[in-house]
Amino acid sequence: MSKISLRNINKKYPNSDTYSVSNFNIDIEEGEFIVLVGPSGCGKSTTLRMIAGLEDITEGEFIIDGKVVNSVSSKDRDIAMVFQSYALYPHMSVRDNIGYGLKLRNYPASEIKDHVDNISKDLFLTEYLERKPKELSGGQRQRVALGRAMVRTPKLYLMDEPLSNLDAKLRTTTRTEISRMHRDKGAITIYVTHDQVEAMTMADRIVLMSMGEVQQIGTPKELFTNPKNSFVATFMGMPSMNIIEGVYEGGQFTCHSFTITLSEEDQRILNNAGYNGKSVCLGARSSAIRSGKKYEEAFPDCCFETTALNSEYLGDSVNVFFDAAPMNMFAGTLGTGEPDVEIDEKITLVIDNTKLHFFDSDTQESIKYPIKVAEFQK
Ligand SMILES: Nc1ncnc2c1ncn2[C@@H]1O[C@H](COP(=O)(O)OP(=O)(O)OP(=O)(O)O)[C@@H](O)[C@H]1O
Ligand SMILES: [Mg+2]
């Protein structure tokens, strides 16, 4: 069992003027499943490759079990890695690819066979074991790469978008397999994805990055319910959180399209933080935007008239996009029991004022974050 720490890690590639990763700090406890998530180019693979020892760390310390290992070579770090471009050995069969790490470590042939057979079953690869990588589809190759890593029990698993080539159904099944194997083995796993659903469903803690910088580290629930800034708020959750700029004054929030009365708690928070009479950005998830008599009666000071512009039918619910100038779209998720909405139809929308977020208009930092973070720590 191991613990690892990254202290003030920075990375600047020799041919680049800017840092690809800046001031990355985290302590990871034994057995944790950490997901690095963020948009393309934000520095996820670079961070993983520094941990793997495949890229030099420009500044900072990488520590395993209390020892700084910056200069320890990749092969001596006891890491199993699945690369974003799954580099398989082309001349070896699937069976030999998966068993290779065990062979290198001098496992007896019969034991290697058992391990490879078991992992292949979990990853639906049994019927392909004698094929060469070039005779496989992209998704099958990706599962071989995953099997090659998961067959071992290292100190650390590093996985860079290991499911990106799988179809939706196989992604969900393999996601569950990875989580199960992680629990069985108990080794730290650092998993990179740009898919926020994978991050939410698999992580013990998520590290959300943007442009080389860590935006927030926390459990999926913390990031979803208490985003530190508007970037985190809009990245986590589908459809994206609505953020709309307006003015807070005398308990009310007014923007171009509507005026609503805020909850007493939110009024107190905004007053105490000195926002009365000032510009703020209101954040509302689609689940806080409702329609129908029931909601109009529950939140009479939070209703406004608008027009439906588009809708996405999802079975149990419908995402409806409304006109909310100056924003083009305002998404609400209308569930069963709420009226059907036709495109171009006028509708009364209700904002559930018990579920709102507020961000400073200039810094985009969450105004409620410091208060709620204290609640999470209780
Ligand atoms: N070898 C390199 N030399 C110079 N710059 C690089 C190199 N590798 C990556 N970068 C730059 O570093 C930044 C981070 O890249 P990285 O590959 O870590 O992103 P990522 O978050 O993994 O993105 P993706 O989701 O697209 O895989 C990018 O701006 C990229 O162009
Ligand atoms: Mg990458």
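Me: In this predicted model, into how many nonpolar, polar and charged residues does the lining of the second largest pocket divide?
Reply: The second largest pocket holds about 300 Å³ of space. Among the 18 residues that line this pocket, Thr354, Lys355, Leu356, Lys368 and Lys372 are the closest to its centre. By class, the lining divides into five nonpolar, six polar and seven charged residues.

Me: Which helices each supply at least two residues of the lining of the second largest pocket?
Reply: The lining of the second largest pocket counts 18 residues. Elements that each supply at least two of the lining residues are α7 (220–225), α9 (264–272) and α11 (369–377).

Me: What is the volume of the largest pocket, and which residues are the closest to its centre?
Reply: The volume of the largest pocket is about 530 Å³. Its lining is made of 19 residues. The closest of these to the centre are Ile79, Ala80, Met81, Tyr89 and Arg152.

Me: Which residues surround ligand 1, and into which classes do they divide?
Reply: The shell around ligand 1 includes the run Ser40, Gly41, Cys42, Gly43, Lys44, Ser45 and Thr46. Tyr13, Asn15, Ser20, Gln84 and Glu161 also belong to the shell. The division by class is two nonpolar, eight polar and two charged.

Me: With which strands does β11 pair, and over how many bridges?
Reply: Strand β11 (residues 242–249) is antiparallel to strand β14 (residues 278–284), and Gly246 has Val280 as its bridge partner in β14. In strand β12 (residues 252–254), the bridge partner of Tyr248 is Phe253. The hairpin of β11 and β12 has two residues between the strands, and Gly250 takes a positive phi near 55 degrees there. The pairing with β14 has seven bridges, and the antiparallel pairing with β12 has three.

Me: Which residue takes a positive phi in the hairpin of β16 and β17?
Reply: Strand β16 (residues 303–313) runs antiparallel to strand β19 (residues 346–351) with five bridges, and Phe304 has Leu349 as its partner in β19. Five bridges also join β16 to strand β17 (residues 317–324), again in the antiparallel sense, with Phe321 as the bridge partner of Asn310. Three residues lie between the strands of the hairpin of β16 and β17, and the residue with a positive phi, near 95 degrees, is Gly315.

Me: Which peptide bond is cis, and which residue has a positive phi although it is not a glycine?
Reply: Most residues other than glycine have a negative phi, and most peptide bonds are trans. With omega near -10 degrees, the bond from Met238 to Pro239 is cis, and Pro239 lies in the loop between α8 (230–235) and β11. In strand β2 (residues 21–28), the non-glycine residue with a positive phi, about 50 degrees, is Asn23.

Terms used
Residues numbered from 1 in each chain as written. Chains lettered and ligands numbered in written order. Predicted model: local features only at pLDDT ≥ 70, side-chain atom pairs only at ≥ 80, totals over all residues. Heavy atoms only, no water. Near = heavy atom within 4 Å. Nonpolar A, V, L, I, M, F, W, Y, C, P; charged D, E, K, R; others polar. 1 Å grid on protein atoms, 1.4 Å probe; cavity = no way out; pocket = protein on both sides within 12 Å on 5 of 7 lines; lining within 4 Å. Points joined across faces, edges and corners; volume = space filled by probe spheres on them. Helix = DSSP H or I, 4+ residues; strand = E, 2+ residues; numbered from the N terminus. Pairing = 2+ DSSP bridges.
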